[in-house]
Amino acid sequence: MIKLLLFFTLPFMGGKEEYQVLVALGCSAPRGVQNGYREMLAEEVLPRLSEKLLNASLRLTLAPVTGRSYTAPIRVLETPDALNTPRFKLERFKKTFHQEALKAFDGLRQRAIAECTRGTEIVAALKAAGERARGKGRILLLVHGFEQSELVNLYDYTLKLERPEVRRKLLERVRQKLGLPNLKDQEVCFAGLTAGDDRNANARLTTSIRAFWEELVQASGGRLVGYGASPRVCGFW
């Protein structure tokens with residue numbers, strides 16, 4: 001049985017490849033969108049990670065993006081030491097990894113629905129992810145792209161986000177109110193984006209939203225390695 005623990009109970013272990021998957025859940029995304037994210041996790045993300053665990057030790061952190069992302073519960077799954085585990089045991093573990101990861105995701109989803117809070121705190125989710133990081137890592141966000149919080153409301157179509165000075169002011173507001181995430185040595189990918197499906201989200205707005213996230217990740221010391229509708233755009237597989 002795969003070891004599944006809350007992060008704060010997990011002892012420090014080195015030598016793990018770090019992956020964090022942050023998913024918009026609860027009130028942060030419609031049920032149909034959440035179902036799409038689960039499908040992406042099952043069909044695109046976990047198969048790639050399952051192949052990696054035969055040659056590398058992984059630490060996978062799952063966390064919801066909600067109206068209270070900074071304090072949202074998380075789940076951590078660790079794979080055996082690939083260098084010191086017989087191949088047949090790794091193959092056997094590989095069969096359970098996928099199932100246990102989806103079980104953990106479903107548990108987080110159920111809790112996010114039960115504790116549903118309005119808003120979508122993507123910045124806070126990134127800040128929490130940066131604090132959890134133990135060195136070089138990869139952060140995948142399955143989100144619709146719209147931050148809607150006290151910090152930033154990207155649903156405001158009058159925001160004029162296409163203007164660089166507006167984005168600079170928003171980043172300064174994040175810096176003063178919450179503090180920029182610490183994304184040093186982190187590769188970040190935004191996938192599962194649905195903003196383009198919003199009838200009010202024109203090309204100028206969606207392009208401006210991408211510019212905002214690129215600038216926030218860069219200002220936070222990270223590197224954006226993908227941005228699109230599917231995890232296939234991520235450059236860290």
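The model is predicted: local features need pLDDT of at least 70, side-chain atom pairs count only at pLDDT 80 or more, and totals for chains, interfaces and linings use all residues. Residues are numbered from 1 along each chain as its sequence is written, and side-chain values use heavy atoms, with hydrogens and water left out.

The chain contains 5 helices and 7 strands. Helices (H or I, at least four residues) and strands (E, at least two) are DSSP runs, numbered from the N terminus. Along the sequence they follow the pattern β-β-α-β-β-α-α-β-α-β-α-β. Of the 237 residues, 54% are buried. Buried means under 20% relative accessible area, exposed over 50%, and partly exposed in between (1.4 Å probe, protein chains only). Among contacts with a separation of 6 or more, 80% join residues 24 or more positions apart. A contact requires heavy atoms within 4.5 Å.

Helix 1 covers residues 31-52, 22 residues in total. From first C-alpha to last, helix 1 reaches 30 Å, close to the 32 Å expected at 1.5 Å a residue. The expected span is 1.5 Å times one less than the number of residues. Helix 1 has a kink of about 40° at Leu46, shortly before the proline Pro47. The bend at a residue is the angle between axes fitted to the seven residues ending there and the seven starting there. Buried residues of helix 1 include Val33, Tyr37, Met40, Leu41 and Glu44. Leu46 is also buried. The buried residues of helix 1 pack against strand 2 (17-24), strand 3 (58-65), helix 2 (87-114) and strand 5 (137-142).

Strand 6 (residues 186-191) is largely enclosed by the rest of the structure, because 6 of its 6 residues are buried. Gln186, Val188 and Phe190 point one way from strand 6, while Glu187, Cys189 and Ala191 point the other way. Strand 6 pairs with strand 5 in the parallel sense over 6 bridges. Pairing requires at least two DSSP bridges between the strands. Gln186 is the bridge partner of Gly137. From strand 5 the chain crosses through helix 4 (residues 164-177) to strand 6, and this β-α-β crossover is right-handed. In a right-handed crossover, with the strands pointing away from the viewer, the path from the first strand over the helix to the second runs clockwise. Strand 6 also runs parallel to strand 7 (residues 223-227), joined by 4 bridges. There, Phe190 has Tyr227 as its bridge partner.
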